[in-house]
Amino acid sequence: TVFNIILYLDHLSSGSRLRQEDTPPRIVEHPSDLIVSKGEPATLNCKAEGRPTPTVEWYKDGERVETDRDNPRSQRMLLPSGSLFFLRIVHGRRSKPDEGSYVCVARNYLGEAVSHNASLEVASK
């Protein structure tokens, strides 16, 4: 019927309109290299755009970073902006869990975007 054809055309136009609005992620603010003191807070910035809003994950030396979203007791917090905030930098003689090379990865169903590398180095006293 004519009614069904109108519904079908309406469905097609709304579908194509949605697809045009959806965009793959892109990094609009990349993290920068940091030199920080042991025990101090630090932030690695990352901001991504895309539709739907991309999820952001961080990787250090190729391994996914555990944040407060995975473990509420974590010293590393994933901020709403996508930045990675360290409550305090942990650094010992044997264990240097925060020092390394970081990237943020933004993802949505259309793909992913990877930031530039940023190194976090702990200043020696």
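This is a tour of selected sites in a predicted model, stop by stop.

Residues are numbered from 1 along each chain as its sequence is written, and side-chain values use heavy atoms, with hydrogens and water left out. In this predicted model local features need pLDDT of at least 70 and side-chain atom pairs count only at pLDDT 80 or more, while totals for chains, interfaces and linings use all residues.

**Stop 1: P52.** Select R51 and P52; the peptide bond from R51 to P52 is cis, with omega near -5°. P52 belongs to the loop between strand 4 (47–51) and strand 5 (55–60) (strands are DSSP E runs of at least two residues, numbered from the N terminus).

**Stop 2: N108.** From P52, go to N108: a polar atom of the N108 side chain lies 3.0 Å from the backbone oxygen of P52. N108 is in strand 9 (residues 100–108). At 13% relative accessibility N108 counts as buried (under 20% relative accessible area, with a 1.4 Å probe and protein chains only). Leaving aside neighbours within four places in sequence, N108 is in contact with T23, P24, P25, G50, R51, P52 and P54 (contact means heavy atoms within 4.5 Å).

**Stop 3: the hairpin.** Select strand 9 and strand 10 (residues 111–114), which pair in the antiparallel sense over 4 bridges (two strands pair if DSSP finds at least two bridges between them). The two strands form a hairpin with 2 residues between them. In this pairing, V105 stands opposite V114 in strand 10.

**Stop 4: D61.** Select D61, in the loop between strand 5 and strand 6 (63–64). D61 has a positive phi of about 50° although it is not a glycine.

**Stop 5: S74.** Select S74, in the loop between strand 6 and strand 7 (76–78). S74 is buried, with a relative accessible area of 11%. A polar atom of the S74 side chain lies 3.4 Å from the backbone oxygen of E66. Beyond its neighbours within four places in sequence, S74 is in contact with E66, T67, D68 and L87. The C-alpha atoms of S74 and L87 are separated by 8.9 Å, the two being 13 residues apart along the chain.

**Stop 6: the largest pocket.** Select A48, T53, P54, T55, V56, R69, L78, L79, P80, S81 and G82, which line the largest pocket. A pocket is an open set of points on a 1 Å grid over the protein atoms alone, where a 1.4 Å probe fits, with protein on both sides within 12 Å along at least five of seven lines; lining residues have an atom within 4 Å of a point. About 150 Å³ of space lies in the largest pocket, the volume being the space filled by probe spheres set on the points. The lining divides into 6 nonpolar, 4 polar and 1 charged, with Gly counted as polar and Pro as nonpolar.

Key: Buried < 20%, exposed > 50% of the residue type's maximum accessible area, 1.4 Å probe, protein only. Polar contact = N/O pair within 3.5 Å; in protein donor to acceptor, adjacent residues only side chain to side chain.
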